[in-house]
Amino acid sequence: MERERAMVRIAICDDSSADAAFVENQVKAWAAARPVGIYTQVFSSAESFLFQYAEDKRWDILILDIEMGQMDGVTMARTIRKENEALQIIFVTGYSDYIAEGYEVAALHYLIKPVKVEKLFSVLDRALEKRKQNERCLNLEMGGEMVRIPFYEIRYLNVRLNYVTIHAKEEYAVKRPLGEFEKELDQRFVRAGRSLILNLECIRRVTRKEVTLSDGTVLPLPRGAYEPLNRAIIQFT
């Protein structure tokens, strides 16, 4: 029996028509070798993508050149990230000087031009896996109704008195042991001490005393948590 093919919408934004055509052809080759159906569209500028994006936000993956005309790729990514955390952004660049900006907009990866096919395929596999992960939710029973919080929105969970607070786009306080949440969450989450669970994808910086998240939140790190957290970050990436 043929496996059901997932449908993935991929946008390619590059002001070089030759580079864009090469990437699009390789994306189609990647999909043909996997149980994946794709829709692709090429945009020649950041402005043209954002014009269409304003009407249709149903994109799963964005392969984005950094060095473009009036609006560069990093500026465009910042605009998208103001309202969309789920879109997987893959930067394509001829330089390696933009890594810090990539952390800021939670880019999945950098591909250096000329793009190597095997590297592109590997990154697209990762993007597809993250897309599946982004479909997972934490279900909370609150006030007689079910609240579903996508895993990717959860930055961290911590214990306050006898309540666990889930920090996502909103904050949710639930009277349950932290260990129960630990069992429900997936591999992107790691326990740091008795009262803290962190989303590894949201960590920007770690020192022995504190951890800084991508939104600027600074949390004290429990004693003895630094080394295990560093190992978890390395294994996860």
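Me: Where is Tyr226 found?
Reply: Tyr226 is found in helix 7, which covers residues 226-236. Bear in mind that this is a predicted model.

Me: Which residues does Tyr226 touch, not counting residues up to four places away in sequence?
Reply: A contact list of this kind leaves out the sequence neighbours. For Tyr226 the list holds Val206, Thr207, Arg208 and Leu221.

Me: Is Gln70 buried or exposed?
Reply: Buried means under 20% relative accessible area, and exposed means over 50%. Gln70 has 81% relative accessibility, so Gln70 counts as exposed. Gln70 sits in the loop between strand 3 and helix 3.

Me: Now a charged residue. Is Arg9 buried or exposed?
Reply: The cut-off for buried is again under 20%. Arg9 is at 16% relative accessibility and therefore counts as buried. Arg9 belongs to strand 1. Beyond four places in sequence, Arg9 touches Tyr39, Asp56, Arg58, Trp59, Asp60 and Ile61.

Me: Is Glu153 buried or exposed?
Reply: Glu153 has a relative accessible area of 14%, so Glu153 is buried. Glu153 is placed in the loop between strand 7 (145-150) and strand 8 (156-160). Its contacts, leaving aside neighbours within four places in sequence, are Glu85, His167, Ala168 and Lys169.

Me: Which residues does Trp30 touch?
Reply: Not counting residues up to four places away in sequence, Trp30 touches Ile10, Val36, Ile38, Phe121, Leu124, Asp125 and Leu128.

Me: How do I read a helix pair, for example the axes of helix 1 and helix 5?
Reply: Start with the distance and the angle between the axes. The axes of helix 1 and helix 5 come within 10 Å and cross at roughly 60 degrees. That angle makes helix 1 oblique to helix 5. The crossing of helix 1 past helix 5 is right-handed.

Me: Which residues in helix 1 and helix 5 meet?
Reply: Helix 1 brings Phe22, Val23, Gln26, Val27, Ala29 and Trp30, which meet Val117, Leu120, Phe121, Leu124, Asp125 and Leu128 in helix 5. By type, the residues of this contact are ten nonpolar, one polar and one charged.

Me: At what angle do the axes of helix 2 and helix 3 cross?
Reply: Angles under 35 degrees count as roughly parallel. The axes of helix 2 (residues 46-53) and helix 3 (residues 73-81) come within 10 Å and cross at roughly 15 degrees. The two helices are therefore roughly parallel to each other. Helix 2 passes helix 3 in a right-handed crossing.

Me: Which residues in helix 2 and helix 3 meet?
Reply: Ala46, Phe49, Leu50 and Tyr53 in helix 2 meet Met76, Thr79 and Ile80 in helix 3. The residues of this contact divide into six nonpolar, one polar and no charged.

Me: Which backbone angles deserve a second look?
Reply: Most residues other than glycine have a negative phi, and most peptide bonds are trans. Leu161 has a positive phi, near 55 degrees. Leu161 lies in the loop between strand 8 and strand 9 (163-167), and at 81% relative accessibility Leu161 counts as exposed.

Me: Which residues does the cis peptide bond join?
Reply: The cis bond joins Lys113 and Pro114, with omega about -5 degrees. Pro114 is in the loop between strand 5 (109-112) and helix 5.

How values were computed. Residues are numbered from 1 along each chain as its sequence is written. This is a predicted model: local features need pLDDT of at least 70, side-chain atom pairs count only at pLDDT 80 or more; totals for chains, interfaces and linings use all residues. Side-chain values use heavy atoms; hydrogens and water are left out. Axes are lines fitted to C-alpha atoms, for helices over the stretch in contact, and angles run from 0 to 180 degrees between N-to-C directions. Helices (H or I, at least four residues) and strands (E, at least two) are DSSP runs, numbered from the N terminus. Angles under 35 degrees count as roughly parallel, over 145 as roughly antiparallel, 65 to 115 as roughly perpendicular and the rest as oblique. A crossing is left-handed if the near helix is turned anticlockwise from the far one by less than a right angle, and right-handed if clockwise. Contact means heavy atoms within 4.5 Å. Ala, Val, Leu, Ile, Met, Phe, Trp, Tyr, Cys and Pro count as nonpolar, Asp, Glu, Lys and Arg as charged, and the others, Gly among them, as polar. Buried means under 20% relative accessible area, exposed over 50%, partly exposed in between (1.4 Å probe, protein chains only).
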